[in-house]
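The sequence and the structure are shown first.

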Amino acid sequence: MSRKGIDPKIVEVLEWTCRFWQDAGIYHVPVAGKRGKQPDEDFRRKSKELSDLEAELKDCTRCRLCEGRTNLVFGDGNPAAELVFVGEGPGHDEDMQGKPFVGQAGRLLTKMIRAIGLDRSQVYICNVVKCRPPNNRTPQADEIAACSPFMFRQLEIINPKVICLLGACAASTVLRSSKSISAIRGKTLKWRGINVVPTYHPAYLLRNPRAKSKAWEDFKLLYSLLKAPN
Ligand code: SF4
């Protein structure tokens with residue numbers, strides 16, 4: 001089939017989405033409808049509260065992770081999002097750009113979001129810690145204790161319909177659980193009354209492509225929770 005005239009980026013996303021579905025043995029997928037428009041006032045209030053919180057973190061030295069950062073990575077996306085993703089911490093690309101999930105794992109996350117009919121601009125993405133741990137190591141307990149209150153404030157302000165926890169660090173921090181991500185993924189759990197779905201971190205999926213079918217199951221669950229009546 002000729003692709004002349006079609007934006008190559010759109011072709012790439014469609015191809016990836018089809019491969020993702022086929023890898024997972026999925027041949028029929030739901031199509032996301034339009035989400036209700038957030039009232040402007042709600043959007044403005046949340047946007048202002050997030051900006052104020054980000055300003056509080058400016059030049060933060062609450063933990064040792066400040067020493068190696070180029071940029072603090074606060075979070076990105078729609079302040080009134082119905083779906084929030086929480087990851088572990090910034091990597092090299094995120095540290096350089098000051099935005100979460102912009103590297104290879106971020107590109108996979110973007111494709112996964114598109115595969116359930118959403119655009120990145122419709123969701124909000126943040127991490128448990130806002131500064132890059134050296135050599136991308138897992139954040140330590142005292143660093144999580146210092147930084148996670150800001151992630152919890154982000155969740156409180158946005159108050160989404162669904163939270164997706166990407167990987168063990170986000171899952172253990174938000175759910176206060178020591179269970180492995182394999183043990184709790186695919187389930188609908190709760191944080192302060194909000195539906196929470198833990199799943200694999202996209203960086204893990206890059207290293208273990210066979211886990212993508214389970215991640216796709218988790219994303220279908222996200223989709224069904226988003227579509228469910230309030
Ligand atoms: S990781 Fe969080 S608490 Fe630590 S310095 Fe960065 S912003 Fe501050």
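## Fold, core and ligand shell

The buried residues of helix α4 are A105, G106, L108, L109, M112, I113 and A115; a residue is buried if 20 or more other C-beta atoms, placed from the backbone, lie within 10 Å of its own, exposed if 12 or fewer, and partly exposed in between. This is a predicted model, in which local features need pLDDT of at least 70, side-chain atom pairs count only at pLDDT 80 or more, and totals for chains, interfaces and linings use all residues. Residues are numbered from 1 along each chain as its sequence is written.

Helix α4 covers residues 104-115 and spans 17 Å from its first C-alpha to its last, close to the 16 Å expected at 1.5 Å a residue; the expected span is 1.5 Å times one less than the number of residues. Just after α4, G117 has a positive phi of about 80°.

The chain holds nine helices and six strands. Helices (H or I, at least four residues) and strands (E, at least two) are DSSP runs, numbered from the N terminus. Of its 230 residues, 39% count as buried. Among contacts with a separation of 6 or more, 74% involve residues 24 or more positions apart; two residues are in contact if their C-beta atoms, placed from the backbone, lie within 7 Å.

The six strands form an open sheet in the order β1-β3-β2-β4-β6-β5, with mixed pairing. β1 (76-77) and β5 stand at the edges with a single partner strand each, so one side of each has no neighbour in the sheet. Two strands pair if DSSP finds at least two bridges between them. The pairings of β6 (residues 194-199) with β4 and with β5 are set out below.

| Strand | Bridges to β6 | Direction | Opposite residues |
|---|---|---|---|
| β4 (residues 162-166) | five | parallel | L165 and P198; L166 and T199 |
| β5 (residues 189-191) | three | antiparallel | K190 and N195 |

β5 and β6 also form a hairpin with two residues between them, and R192 in the turn has a positive phi of about 45°.

The largest nonpolar core comprises 53 residues, and V84, V86, V123, C164, L165 and L222 have the most contacts inside it. Such a core is a set of buried Ala, Val, Leu, Ile, Met, Phe, Trp, Tyr and Cys residues joined through C-beta atoms within 7 Å. Helix α9 (residues 212-227) supplies the largest share of this core, seven residues. Apart from neighbours within four places in sequence, V123 is in contact with G77, N78, A81, L83, V84, F85, I113 and L118.

Helix α6 (residues 168-175) is mostly covered, with six of its eight residues buried: A168, C169, A170, A171, T173 and V174. These buried residues pack against β2 (83-87), α5, β4, α7 (181-184), β5 and β6. R176 follows α6 and has a positive phi, near 50°.

Which residues come nearest to the ligand? Of the 14 residues around the ligand, these are C60, C63, C66, C131 and C147; a residue is near a molecule if its C-beta atom, placed from the backbone, lies within 6 Å of it. Helix α5 (residues 141-158) gives the most to this shell, with three residues. By type, the shell has 10 nonpolar residues, one polar and three charged. Here Ala, Val, Leu, Ile, Met, Phe, Trp, Tyr, Cys and Pro count as nonpolar, Asp, Glu, Lys and Arg as charged, and the others, Gly among them, as polar.
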